[in-house]
Protein chains: 2
Amino acid sequence: MFDSLHKHINEIIPLEESEFGEFKSILTPIKIRKKEILITSGSYVDMEYYVVKGCLKAYHTNEAGHRSVVQFAIEDWWISDFNAFFNKTPAKLTIEAIEDSTLLGLKLDNLEELYRRIPKFERFFRVKTTRAFLSLTNRIQSGLEKDSRERYIEFCKTYPNIEQRVPNYHIASYLGIKPESLSRIRREVVTINTP
Amino acid sequence: MFDSLHKHINEIIPLEESEFGEFKSILTPIKIRKKEILITSGSYVDMEYYVVKGCLKAYHTNEAGHRSVVQFAIEDWWISDFNAFFNKTPAKLTIEAIEDSTLLGLKLDNLEELYRRIPKFERFFRVKTTRAFLSLTNRIQSGLEKDSRERYIEFCKTYPNIEQRVPNYHIASYLGIKPESLSRIRREVVTINTP
DNA sequence: AGCTTTTCATAACATATATCAACCAGCAAA
DNA sequence: TTTGCTGGTTGATATATGTTATGAAAAGCT
């Protein structure tokens, strides 16, 4: 249950066994079935979640009722409505399991207490957040200068494991296009690659 | 010169005078004139920069030579090619002054050393990075679900001080549209607001 | 002041994507 | 078996944005 997380942290900050033990003690294991809701839009968000096993999506619903997938998460990723989590405001996102999933929940209060007790964790999360920030800058850059086909191809290369697991209409939503458009793009891309 | 930065940090982490003194000692004051290049695409990036006074843009140039503005920076913001800075890889962005500017440069090595000596700074930059991450999630969400007009209006509301200072074609580029499209949008928006 | 460059605006036409509607295959539930 | 649901595809048309070209006002420079 905790092995993948231990490894995940150790790749950035080597930990004593006891330090990881302290971390473990503030985590809440959670099981969630496909289609169940982890975070409901409008509610307060007291945890961020590490994905041990499974696949989830975070989506936003606008005034017109249209949904956009803001984030996917699979094994070894963190997911939450981070805005709501860090600012203690009501969630604007909904988070739903795409597959049966196993998570480890981490509360903000416990995290801040952990930072005080073991500063290594402050470093770990600084590094993680920096990397997350950098990957968002890349996503924004793609959105600015690439057309839909290029973004789709890039998505397949960057996240082959996600592309295999989630329905195409979720990917379309993540790319900011309609499923019909993605279908047409896929037809062209597939045709080009199969002579 | 250092007052605004001192205040900027103190709003997140109250510092002893001596702690800020240590920070000051690793900063490099830099003056740059309008249109001068701060970071050249392809070069290595040894600093991130705090803007004391002025206005700059970070843009990416694609294979076809088209440029997209990835970031603006005005007083109290940080700017760099953060990907190149943190990963010690060649810059993919160009950073150019839009106005004569005064900056404070911070080297990665000095920053990491500072983290070891005064852990408060690790906390400060964790918090700053978290906020930067959150603001990028908002920008991505806007890109997914809003059309160009809405994104332009949102930009004007969020960054009125930037909208006043930079030419419209820079804003168009930041929004991922062509200046001609922004011109059309502005005509409609202005018409609606002036009966 | 006079000249050049920058910035913004406009128009006509081209293209990509959205929209709307219909359809189909696979599959699970009844 | 039928039924309904999910995920995907296709076609006709509408709309938004890009492209190309032109011009004019504003700003900067000598």
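At what angle do H5(A) and helix H5 of chain B pack, and how far apart are their axes?

**View 1. The packing of H5(A) against H5(B) in this predicted model.** In this model, which is predicted, H5(A) and helix H5 (residues 120-145) of chain B pack at an angle of about 25°, and their axes are 9 Å apart. Because angles under 35 degrees count as roughly parallel, H5(A) is described as roughly parallel to H5(B). The crossing in which H5(A) passes H5(B) is left-handed. When the residues of the contact of H5(A) with H5(B) are sorted by class, 10 are nonpolar, eight are polar and eight are charged.

**View 2. The side of chain A that touches chain B.** Here 27 residues of chain A are in contact with 27 residues of chain B. On the chain A side, the elements that give two or more residues are strand S5 (67-73), helix H3 (82-87) and helix H5 (119-145). Of the elements on this side, H5(A) gives the most, with 18 residues. The residues of chain A that touch chain B divide into 11 nonpolar and 11 polar residues, together with five charged ones.

**View 3. The surroundings of DNA strand D.** DNA strand D is surrounded by 15 residues, and the closest of them come from both chains: Pro167(A), Asn168(A) and Ser183(A), together with Ser148(B) and Ser181(B). The largest share of the surface near DNA strand D comes from H9(A), which supplies six residues. By class, this surface has seven charged residues, alongside four nonpolar and four polar ones.

View 4. The elements that give two or more residues to the surface near DNA strand C are H9 of chain A and, from chain B, helix H8 (168-175) and H9. Among these elements, H9(B) gives the most to the surface near DNA strand C, with four residues. Sorted by class, the residues of the surface near DNA strand C are three nonpolar, four polar and six charged.

Note on methods
Residues numbered from 1 in each chain as written. Chains lettered and ligands numbered in written order. Predicted model: local features only at pLDDT ≥ 70, side-chain atom pairs only at ≥ 80, totals over all residues. Contact = placed C-beta atoms within 7 Å. Nonpolar A, V, L, I, M, F, W, Y, C, P; charged D, E, K, R; others polar. Near = placed C-beta within 6 Å. Axes fitted to C-alpha atoms, helices over the stretch in contact; angles between N-to-C directions. Parallel < 35°, antiparallel > 145°, perpendicular 65-115°, else oblique. Left-handed = near helix turned anticlockwise from the far one by under 90°.
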